[in-house]
Amino acid sequence: MIFLDRPGYNAIIKLLPDFEKRTGIKIKYQIVPYENTREKEELDFSSNGELTVALVDLVWIGEFAEAGWIVPFEEIKKKYPDIIDPNFDINDFIPLILNAFGTWQGKVYGPPFDNYSGLLYYNKDMLKEAGFDKPPETWDELINTYAPKLTKNSKYAFALQSRRGETQSCDSFMRFLWPWGGSLLDAKFHSNLGNPKSQEGLNFRQSLEKYMPPGIVDYDHSDAVNALAQGNVAMITEWSAFYSTLVDPKSSKIVDKLGVAPEPKGPDGRKPALGGFSLAVASQANDKQKAAAWLFIQWATGKEIGKQYVEAGGISGRQSTYKDPALLAKYPFIQPMLDSWQQGVPEYRPRFSEWSKLTDIIAEWGTKMMLNQVSVKQGSDEIGTRTEAVLKDAGYYDGKKPLAQ
Amino acid sequence: MAAIRISKKRFGIAHFVGLLLILFFCVFPFYWMVSSSLKDPQLILSQKPTLTFQPTLENYQDAFQRNVGGSLGISLFVALTTTALSLLLGTPAAYALARFDFRGKKDIWFWFITNRMVSPIVLALPFFLLASNFHLIGNPIVLVFIYLTFNVPIVVWICSDQFRGIPKELDEAATLEGYNSFSIFWRVALPLGAPGIAVSAIFCFIFSWNELLYALILMRRETQTAPVVATSFMSGYQVPWGQIMATGTLVALPVIIFSLIVSRQMVRGLTMGAIK
Amino acid sequence: MRKSGRALRTRSEARLSGKGKLMPIRAVPRKTYSNGVIFFLAPAVIVLLAVGIFPLLFAVWNSMHEFILSRARIYALHGQPFLWFQNYLGLVNDAGFRESLFRTFVFLLINLPIQLVLGLLIALLLHKVGHEWLKNICRVSLVIPLATTLAVVGLMGRLMFNSSFGVVNYAVATVISLFHSIGPLLQGHFQVLHGFWRHVVPSNMIDWLGNPNLAFATVSIMDCWQWTPFCALVLLSSLTLVPPEIEEAAKLETDRWWQVLWRVQLPFMLPGITAILILRTADILKMFDVVYTMTQGGPGNATDLISVYVQRVGFRQVDQGVASAQAIVLLIITIILSRIYIRYFYREI
């Protein structure tokens with residue numbers, strides 16, 4: 001199976017020997033850069049390769065499910081009733097997480113694994129200096145009250161990771177649609193970017209640019225996190241997984257000044273960014289492998305190791321894990337993250353198989369908008385036209401494909 | 001007389017300065033990589049890049065924890081084997097193209113070159129299918145053979161030019177003494193073509209060593225090559241600069257050592273050319 | 001064995017009887033190809049055919065069918081739709097493909113001459129007699145840029161050109177502060193220059209990677225850094241082919257090194273130059289790793305070179321059919337360009 005070089009996976013790797021001892025199943029994994037993960041999995045699945053467990057990013061689930069590469073949970077239950085752990089309790093998973101990450105068109109394929117929420121990280125000291133003793137509650141506050149006071153002397157109020165790629169489409173673009181009541185698609189899957197609410201959000205992003213460092217369009221996650229960690233920027237909205245980087249004295253100068261809060265609210269409420277993965281059994285595995293795969297998945301996301309997993313650096317998707325107050329106190333990011341998960345939007349990014357084409361369109365034009373190479377209206381129109389062309393080709397408009405995202 | 005001497009002297013200085021500039025140009029980014037690998041990770045990201053610092057080996061320790069050592073071994077095996085094979089296959093072919101005349105010579109020569117022109121992006125899937133049919137996924141031998149497709153053309157190319165530059169009188173002298181074409185190849189062409197052979201060996205080694213796409217797709221964790229390990233750090237959310245620079249340095253070192261060893265051949269060949 | 005010896009002698013006699021040029025083949029009885037030719041060539045040809053032909057044919061086959069990886073199961077049941085040349089025709093309408101191709105050619109036209117000329121200068125400096133030990137160090141250090149893994153080169157570029165903590169901006173800032181300290185000595189001129197500079201770079205931090213044009217320049221710089229040594233090494237080994245007597249003679253005739261270069265050395269270097277032209281063209285059309293790790297296609301579209309585009313189609317939109325068609329088109333372009341190079345630059349020596 002494929003793992004990424006991230007804390008969640010390193011945590012599982014640490015706990016692996018325990019699993020192998022108990023079941024005698026040997027787990028072979030490889031660590032691959034995130035950028036290459038999808039292509040490696042796709043190559044493998046489409047040519048009867050050797051992967052038995054699929055690591056499914058939130059946005060790949062539509063594609064993988066439709067291609068028939070992953071096995072639904074119901075089938076596993078039917079085929080191998082005796083390996084299902086009675087304690088597995090699929091309802092223990094936070095509903096939004098299970099729905100967004102592991103479910104497609106009503107069928108559950110696999111439990112969530114390594115999930116994140118967008119959070120507001122801020123530098124307490126910088127805020128205090130400017131006269132604030134708590135983080136902004138809404139985006140309006142952020143831009144009108146907080147930002148002007150925090151942007152001076154080569155320090156900036158905010159950094160938004162916007163590099164062309166998934167970073168642009170997910171972190172930069174989508175983040176400024178949902179909280180304003182806008183969205184990429186409307187109910188009939190036509191472009192909703194022309195809607196005044198979407199436009200408001202996107203224009204907001206443009207006006208936020210003056211409070212962000214120059215060259216922001218090239219910032220990727222590590223650049224934004226680093227800007228905060230080095231004390232150059234006061235606030236960022238980034239994935240919860242970065243908490244460990246920000247409190248590690250080796251990579252951060254603001255360890256004791258770090259504050260964590262849920263993302264600011266927009267006029268339409270708090271709709272934080274949603275990201276992460278799920279684990280599913282690969283269809284191409286033989287029966288014995290499928291059973292072994294399920295045992296692993298069950299164990300990795302199980303109740304028993306939930307707490308250990310978090311201690312080792314991972315993120316569990318289960319409600320039971322978080323009932324422990326000591327755990328909550330030790331990791332201040334958990335509470336904001338749980339709050340965010342209560343209110344998130346599963347369709348934050350459409351998860352159908354056409355997303356790969358759409359994300360490129362959005363990434364290209366989103367960055368052009370931010371560079372002022374096109375106006376917000378022009379850019380949105382372009383994205384709209386192209387998106388509709390893609391969806392038309394795929395058959396969403398004439399009923400060939402169900403409107404599922 | 002004096003004018004010539006002065007200008008020669010000025011040229012000598014200019015020559016010296018020019019060489020220094022070349023040295024700086026080549027080495028500085030590398031130096032930066034090495035020094036970053038020795039810096040505390042915090043320091044790398046600080047506002048003012050520092051030229052003096054306390055060196056630390058922790059980045060290397062981290063790197064070795066990730067099985068970088070093993071991958072260096074695999075890369076070494078693959079690169080050496082494919083270089084040796086390329087030379088073995090390529091030098092005779094280069095000699096044939098340089099010395100003999102036959103129908104279709106130009107076309108064969110051009111065909112060799114076109115082997116290197118196709119983008120690996122679209123050959124990745126076919127190679128993957130081919131390799132999995134032969135159950136060779138994860139076996140470094142597969143890389144050795146795939147790399148031949150772009151190494152042999154380089155060898156053929158550079159060496160055929162080199163062989164062509166060897167005066168034919170030497171060939172004739174040898175023939176008169178009764179040597180057959182293979183012996184001529186062995187005793188005359190190869191030694192005199194040493195600079196070209198050395199250069200092409202260096203290139204073969206470098207290109208095989210650094211190749212990333214095929215290695216990423218066709219190898220498994222136990223048999224990953226060094227560049228694959230070096231880039232596996234890029235989780236998409238973090239860029240551990242220190243470790244990457246450390247791995248980058250480790251990956252570049254064997255190539256430099258190899259070139260050092262081989263370039264002595266190159267120098268010998270150059271002086272032999274003068275003596276002849 | 002003796003037979004082939006005789007054949008050679010006949011050939012060389014035939015040649016000596018000519019005017020020093022190689023006689024056309026009909027002067028030699030056809031049946032006396034040296035047997036050796038087959039043995040010399042065959043191994044290389046056979047191996048390359050065995051390894052290389054199948055994937056290439058498969059790619060061509062792909063380009064004429066629909067092949068979207070996620071539909072693999074459908075294909076297993078119903079077969080892959082045969083598309084004739086639809087994938088190719090689609091490229092004509094694909095504005096992204098056209099723009100990307102254009103951008104790549106601009107990249108080629110800017111960087112290839114730079115690398116050739118710099119490589120030539122370096123090769124000349126290394127060929128010239130003198131400072132032997134420094135020359136040897138230089139020769140070895142030329143390998144260093146080539147030795148670095150492409151992906152790491154991209155990352156190095158990100159590190160060095162980073163606008164906040166990159167060493168390049170630090171150097172620029174140092175130079176500027178040097179200006180400041182000697183400024184008063186220059187008075188008038190300096191004020192103008194300084195004012196102009198301040199206008200262009202307001203904060204001492206040049207945004208190498210965020211500004212589209214500068215990003216393109218940065219990728220070019222890294223590419224030149226890596227491949228100029230390649231050009232230098234190839235040209236250096238070509239220089240060694242120049243017979244020393246001719247070189248000496250020419251140097252005695254004229255003091256001007258560029259005349260020696262033009263008349264005597266260059267003709268011997270033409271095969272090397274052609275090789276560089278062809279190889280670099282093919283490589284730039286295939287160039288992917290460096291751009292990917294440095295800018296992912298750049299702010300907006302600035303560094304979206306053609307292979308980055310093809311990879312996106314082939315592995316992000318997993319449309320291997322269209323990607324194969326694009327790659328075949330690139331192959332054809334490369335072959336055409338190579339033929340042109342050979343026609344105009346190549347001379348048998």
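Me: How many residues from chain A and from chain C does their contact take?
Reply: This is a predicted model. In it, the contact takes 25 residues from chain A and 23 residues from chain C.

Me: Which elements of chain A give two or more residues to the side that touches chain C?
Reply: They are helix H2 (34-46), helix H3 (61-66) and helix H16 (355-370) of chain A. H16(A) gives the most, with 6 residues.

Me: And what is that side of chain A made of, by class?
Reply: The side of chain A that touches chain C has 11 charged, 9 polar and 5 nonpolar residues.

Me: What about chain C and chain B, how many residues are in contact there?
Reply: 85 residues of chain C are in contact with 83 residues of chain B. On the chain C side, helix H2 (residues 36-63) gives the most, with 15 residues. By class, that side of chain C divides into 56 nonpolar, 23 polar and 6 charged residues.

Me: Staying with chain C, how many helices and strands are there?
Reply: Chain C has 16 helices and 0 strands. Of its 349 residues, 45% count as buried. Among its contacts between residues at least 6 apart in sequence, 71% join residues at least 24 apart.

Me: How many residues of helix H8 of chain C are buried?
Reply: 11 of the 11 residues of helix H8 (residues 150-160) of chain C are buried, so the helix is largely enclosed by the rest of the structure. The buried residues include C:Leu150, C:Val153, C:Arg158 and C:Met160.

Me: C:Leu209 next. Where does it lie?
Reply: C:Leu209 is in the loop between helix H10 (188-200) and helix H11 (212-239) of chain C.

Me: Is C:Leu209 buried or exposed?
Reply: C:Leu209 counts as buried, because it has 28 C-beta neighbours inside 10 Å.

Me: What is C:Leu209 in contact with, leaving aside its neighbours within four places in sequence?
Reply: In chain C, the residues in contact with C:Leu209 are C:Arg158, C:Phe161, C:Ala215, C:Thr218 and C:Thr295. From chain A there are A:Gly215 and A:Asp218. C:Phe161 is 48 residues from C:Leu209 in sequence, and the two are 7.1 Å apart in space, C-alpha to C-alpha.

Me: Now helix packing. At what angle do H4 and H16 of chain C cross?
Reply: Helix H4 (residues 86-93) and helix H16 (residues 320-345) of chain C cross at roughly 75°, and their axes come within 9 Å. That angle makes H4(C) roughly perpendicular to H16(C).

Me: Which residues make the contact?
Reply: H4(C) uses C:Asn87, C:Tyr88, C:Gly90 and C:Leu91, and H16(C) uses C:Gly321, C:Val322, C:Ala325, C:Gln326 and C:Val329.

Me: How many residues are in the largest nonpolar core?
Reply: The largest nonpolar core has 168 residues, and B:Val156, B:Leu218 and C:Ala327 have the most contacts inside it. Leaving aside its neighbours within four places in sequence, B:Val156 is in contact with residues including B:Leu97, B:Phe112 and C:Ala44. There is also a second, separate core of 127 residues, which includes A:Trp178, A:Leu202, A:Leu228 and A:Met370.

Me: Back to chain A. What is the phi of A:Asp114?
Reply: The phi of A:Asp114 is near 60°, a positive value in a residue other than glycine. Most residues other than glycine have a negative phi. A:Asp114 is found in strand S7 (residues 112-123) of chain A. With 27 other C-beta atoms within 10 Å, A:Asp114 is buried.

Me: And what about the phi of A:Phe189?
Reply: A:Phe189 has a positive phi of about 70° although it is not a glycine. Its place is in the loop between helix H8 (166-173) and helix H9 (196-208) of chain A. A:Phe189 is buried, with 22 other C-beta atoms within 10 Å.

Conventions
Residues are numbered from 1 along each chain as its sequence is written. Chains are lettered from A and ligands numbered from 1 in the order in which they are written. This is a predicted model: local features need pLDDT of at least 70, side-chain atom pairs count only at pLDDT 80 or more; totals for chains, interfaces and linings use all residues. A nonpolar core is a set of buried Ala, Val, Leu, Ile, Met, Phe, Trp, Tyr and Cys residues joined through C-beta atoms within 7 Å. A residue is buried if 20 or more other C-beta atoms lie within 10 Å of its own, exposed if 12 or fewer, and partly exposed in between; C-beta atoms are placed from the backbone. Two residues are in contact if their C-beta atoms, placed from the backbone, lie within 7 Å. Helices (H or I, at least four residues) and strands (E, at least two) are DSSP runs, numbered from the N terminus. Ala, Val, Leu, Ile, Met, Phe, Trp, Tyr, Cys and Pro count as nonpolar, Asp, Glu, Lys and Arg as charged, and the others, Gly among them, as polar. Axes are lines fitted to C-alpha atoms, for helices over the stretch in contact, and angles run from 0 to 180 degrees between N-to-C directions. Angles under 35 degrees count as roughly parallel, over 145 as roughly antiparallel, 65 to 115 as roughly perpendicular and the rest as oblique.
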